[in-house]
Amino acid sequence: MTATGARSRKWFVISGIFLGVTLLAGGLLFWRASKMDDLVRHLIVRALAEQFQGRVELGAVRVTGFPRLGVSGQDLSIHFDNRSDLPPLIHVDNFSFGLGLLAILRLPRHISIAQVDGMTIAIPPLGERRTAGPNDSEKPHKLLPTIILDEVICTNAILITLPKNPEAGKPKKEPLEWDIHNLDLRAVAVNKAFRFHGTLTNAKPKGEIDTSGNFGPWNLDDPGATPVTGSYKFTDADLGPFPGIAGILSSNGKFSGEISTLEVEGETDTPDFSLDQIGKPVPLHTEFSATVDGTNGDTLLHPVRATLIRSMIIAEGSVIREPENKGRRIIVNFGAPDARVQDILSLAVKSDKPFLTGNVKIKGKLVVPPSHEKALEELILDGEFGLDEAKWTSEEVRDKLEALSRRAEGKPGDEDAGSSVSGLHGKFHVEKAIVTFSSLTFSIPGAAVDLTGTYKLIGGDLDFNGHLRLQAKLSQTVTGAKSFFLKAIDPFFKKDGAGAVVPISVTGTREQPTIGVTVFHKTIEKKIGEPKPSFR
């Protein structure tokens, strides 16, 4: 046999062996691929059960495509500690992801992209811990490597935090739910933190939230203690559904802590904040910090710094969810040590020009009971205020107050005497849109008015009664013959160290108040101002 023939036979044998091996490998791969549905389903269940240390249930799984494999499945449930009395920790309606050719032979450590639709994450009540097993003192040996999902694209996700079981005799609270439209997760694994970005619509106040940050690693013993950090942007939030207020709010901030307890810091802007049906829209800016209970949404407000136009208001309080899904009760304690009264009055008066200016001290407590109705009548407010040097912007009012001051000082003919600079102090209670003043004092040099009564926020009706105290005697408030004749009745009105004490009333409306003075059971009334159109 020639050398050429020997070489030809050698290459023929090598080619035959290569072809046989290729056919054998192809047959093996075809056989493996035909069994992939059950194989992949088994590997998914086993891997997730090991990583979450709980029962895993999975419906149908289908493997398609060659040589690029695709996996799709449905009805995946991962249970917390094999508990049947709780909903699954994670439930997925449908999912899909791609695998390379080598996945036929071995389980991959990375999956590049997974698509998920209809994922529900139900966080067990705070303190619900995984039952210790007989071998929990030792780290279980994992037979499968940790799988990392490089990216998970999820649509229609829901995050639910389950409330604690109530004490005996108390109603059970409803779970807190967050509907997430689009959720994108990166580098997802059970034993490490992963990035997230999501968008969702907040229910009340309704608005869009964009949030991103880091989640995990999962606390498998107590999922509610899983750490989370991130930031958020809240836009176009309509305050209209809340009782007594209106405006469009935007907010941004950051949060950190555990799912069950988050610390939040941020700021809000409401350029058109207003009290419902009264006042005019004004800018409101706040800077806040709060603690949020992720299991029920209850919020503790740490000092909140609110700027209303140019006035600083400091507040703290709580937003607590009522049982039986009645809503949330808002309680806020507030104080303004050096506010501008014209800023505060802008919430109650629609006029662009303030009728009163000066620095005011205010403190109070606001309660907004749970309600599904939008109404100013729902607000409950207790407070007190004080102005020492209030100034009136109306020249007509200043002239009348200066004239009263001159008479009260006993100098009715001295044009240089008297002043319109006023002191104003009061204690009040607001409920059902009616302000009830237990004490309202108004003073100018030489005179002071003590009143009690009511003011209706809607409609502006006034109903006050009290006393006018004058430094001078009645006879000293006028000149000429009137002064002479009044001297005879001075003793009847001189009381408690005052020159005269006269019963007084204020009725009518805020646009057209009527002042009444009672002398010897006869009331003399004087209307102030001209009728103006009501805001209603």
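The structure holds 9 aromatic pairs. Keep in mind that this is a predicted model. The chain has 6 helices and 27 strands, and buried residues make up 41% of its 536 residues.

**Aromatic pairs**

- A pair of aromatic rings is described by how far apart the centres are and by the angle between the planes.
- Take F194 and F215: these rings sit 5.5 Å apart, centre to centre, with 40° between the planes, and the pair is tilted.
- This pair links distant parts of the chain, with F194 in strand β8 (residues 194–202) and F215 in strand β9, 21 residues apart.
- F215 passes the same test: it counts as buried because its relative accessibility is 15%, and the cut-off is under 20%.
- For F385 and F428, the ring centres are 6.2 Å apart and the planes meet at 40°, so this pair is tilted.
- F385 belongs to strand β20 (residues 380–392) and F428 to strand β21 (residues 422–431), so the pair ties together parts of the chain that are 43 residues apart in sequence.
- F428 has 14% relative accessibility, so F428 counts as buried.
- Ring pairs also build a cluster, which links F52, F194, F215 and W218.

**The nonpolar core**

- In soluble globular proteins, nonpolar side chains tend to be buried together.
- Here, the largest nonpolar core has 111 residues.
- Which residues have the most contacts inside this core? They are F52, I90, W218 and F385.
- Strand β5 (residues 110–123) gives the core its largest share, 7 residues.

- Strand β24 (residues 461–470) and strand β25 (residues 500–509) run antiparallel, and 10 bridges join them.
- To see one of these links, look for F464, whose bridge partner in β25 is V506.
- How many bridges join β25 to strand β26 (residues 513–519)? There are 5, and these strands run antiparallel.
- One partner to look for here is P513 in β26, which is bridged to G508.
- A hairpin of 3 residues takes the chain from β25 to β26.
- While you look at the strands, remember that in a regular strand the side chains alternate between the two faces of the sheet.

- Most residues other than glycine have a negative phi, and most peptide bonds are trans.
- Where is the cis peptide bond? It runs from G216 to P217, with omega near 5°.
- P217 lies in the loop between β9 (206–215) and β10 (227–238).
- N156 has a phi near 60°, a positive value in a residue that isn't glycine.
- You'll find N156 in strand β6 (residues 148–161), and N156 counts as exposed because its relative accessibility is 52%, where exposed means over 50%.
- A187 has a positive phi too, near 55°, and A187 is not a glycine either.
- A187 sits in strand β7 (residues 176–188), and its relative accessible area of 29% makes A187 partly exposed.

**A buried serine in a loop**

- S260 has its place in the loop between β12 (248–258) and β13 (261–275).
- Why does S260 count as buried? Its relative accessibility is 3%, and that is under the 20% cut-off.
- Not counting residues up to four places away in sequence, S260 touches L126, G224, V292, D293, G294 and T295.

**The chain as a whole**

- Of the contacts in the chain with a separation of 6 or more, 52% are between residues 24 or more positions apart.
- The accessible surface of the chain comes to about 29,500 Å², and carbon and sulfur atoms account for 57% of it.

Definitions and conventions
Residues numbered from 1 in each chain as written. Predicted model: local features only at pLDDT ≥ 70, side-chain atom pairs only at ≥ 80, totals over all residues. Heavy atoms only, no water. Pairing = 2+ DSSP bridges. Helix = DSSP H or I, 4+ residues; strand = E, 2+ residues; numbered from the N terminus. Buried < 20%, exposed > 50% of the residue type's maximum accessible area, 1.4 Å probe, protein only. Contact = heavy atoms within 4.5 Å. Areas by Shrake-Rupley, 256 points an atom, 1.4 Å probe, with all protein chains shown as cover. Phe/Tyr/Trp six-rings, centres within 6.5 Å; stacked < 30°, edge-to-face > 60°. Core = buried A, V, L, I, M, F, W, Y, C linked by side-chain atoms within 4.5 Å.
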